Amino acid sequence: MQKYKVGIVGATGMVGQRFITLLHDHPWFEICTLAASARSAGKPYREAVGDRWAMSAPIPEQVAGMPVLDASHVEEVAGPCDFVFCAVDMKKDEIRALEEAYAKTETPVVSNNSANRGVPDVPMIIPEINPEHAHAIVRQRERLGTKVGFIAVKPNCSIQSYVPALAPLYSCGIESVMVSTYQAISGAGKTFATMPEILDNVIPFISGEEEKSEQEPLKIWGKLEDGLIVNASSPKISAHCVRVPVSDGHLATVFVKFKNKPTKEQMLAAWATFKGEPQKLELPSAPAQFLHYCAEDNRPQTKLDRDYERGMGICIGRLRDDPIFDYRFVCLSHNTLRGAAGGAVETAELLCAQGWIPHKA
């Protein structure tokens, strides 16, 4: 097949680096452009990222010498690209304006950023759960005045562990959820070398994270009405998010109450048999088994299980009765793979397979 030419906007940051590791030998996508801030512009990628390269694998040779462009030079960056991934570190209003500028060049944007997540005509997609939300692109293109360009976003990394576990149970009438997430430092773009204050420590506050954890699932479970995504009114979600001394992997403890309480056997069967559109389409990044239940009492563990299905699957464990809610269990996802760059790559694969992203030439 003809490969899609892809740009990475925000290529020097941690998520941008993860995009590079996922895309340099991708069967559908070919990196053609790297962009970052003005201070990196004009430098070869290896020089621009310098000692901030945080991935375990080395910088791919075919990328190391590529020149970095100024992300604000939208026409130059977007020109050769069929679409771009965006993972910039800027103020939200600046990100929103930048992503719309790229879309208006008739270049679709698949974003890791939060700036456009609350916009009703911008699909926020977990490909296994709400692929139909891509149809909001029609209304968005009308608003932007584009024929091809649009913005699609992936949700916050904090919800990627527990929302997939709840999705197969949604028809049981989930009334309320209480969740605590124990989040890795890579979610803040940090390593142990750059975040020494986390050693032997837990930080009980992550700015904006609890609000995203409580609100974003309602958009995922929302319905399309007149081409716009209308958030679901339930369940009620209470979240507490803390930063823990872990390199990668977000673990969540989940408490859930149902209107129509399923049995444990029904829950286990729902998790084991759940498949979404990515599995049906056999997308390159899709995990063969999206949800995996760990029968051991002490699993999932962040270090042992975060790389399940190349970091794109969700691990669940410790399902048991709860004296206040109906059930409680533990979930785990890899935050920079399923939760960030990997989730965005799978979303782009879905949008390409559905025909939303064409080749420019």
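Q: Which strands does helix α5 lie across, and at what angle does it run to β5?
A: In this predicted model, helix α5 (residues 92–103) lies across β1, β4, β5 (109–111) and β6. Its direction is at about 150° to that of β5. Helix α12 (residues 337–353) also packs on the sheet, where it touches β1, β2 (29–36), β4, β5 and β6. The angle between α12 and β4 is about 155°.

Q: How is the order of the strands in that sheet read, and which strands stand at the edges?
A: In general, the strands of a sheet pair through backbone hydrogen bonds, in a parallel or an antiparallel sense. Here six strands make an open sheet with parallel pairing, in the order β3-β2-β1-β4-β5-β6. The edge positions belong to β3 (68–70) and β6 (151–153); each has a single partner strand, so one of its sides has no neighbour in the sheet. On average, neighbouring strands are turned by 30° against each other, direction ignored.

Q: How many bridges hold β1 and β4 together?
A: Strand β1 (residues 4–9) pairs with strand β4 (residues 83–86) over four bridges, in the parallel sense. Within this pair, Gly7 has Val84 of β4 as its bridge partner.

Q: What is the strand order of the open sheet with mixed pairing?
A: This sheet also has six strands, ordered β10-β7-β11-β14-β13-β12. Its edges are β10 (236–243) and β12 (291–294), and since each has a single partner strand, one side of each is left without a neighbour in the sheet. From one strand to the next the twist averages 20°. Strand β7 (residues 174–183) runs parallel to β10 and is joined to it by eight bridges. Tyr182 has its bridge partner in β10, namely Val242. Helix α9 (residues 264–273) packs on this sheet and touches β11 (250–258), β12, β13 (314–321) and β14 (327–333). The direction of α9 makes about 175° with that of β13.

Q: How much space lies in the second largest pocket, and which residues are closest to its centre?
A: Empty space is found by rolling a probe the size of a water molecule over the atoms. The second largest pocket holds about 330 Å³. It is lined by 19 residues, and those closest to its centre are Arg18, Ala54, Met55, Ser56 and Asp248. Helix α1 (residues 14–23) gives the largest share of this lining, with three residues. By type, the lining has seven nonpolar, seven polar and five charged residues.

Q: Which residues line the largest cavity?
A: The whole structure has one cavity of 30 Å³ or more, with a volume of about 30 Å³. Its lining is made of Ile125, Ile126, Pro127, Lys154, Pro155, Gln160, Arg338 and Gly343. Four of these are nonpolar, two polar and two charged.

Note on methods. Residues numbered from 1 in each chain as written. Predicted model: local features only at pLDDT ≥ 70, side-chain atom pairs only at ≥ 80, totals over all residues. Heavy atoms only, no water. Pairing = 2+ DSSP bridges. Helix = DSSP H or I, 4+ residues; strand = E, 2+ residues; numbered from the N terminus. Axes fitted to C-alpha atoms, helices over the stretch in contact; angles between N-to-C directions. Contact = heavy atoms within 4.5 Å. 1 Å grid on protein atoms, 1.4 Å probe; cavity = no way out; pocket = protein on both sides within 12 Å on 5 of 7 lines; lining within 4 Å. Points joined across faces, edges and corners; volume = space filled by probe spheres on them. Nonpolar A, V, L, I, M, F, W, Y, C, P; charged D, E, K, R; others polar.
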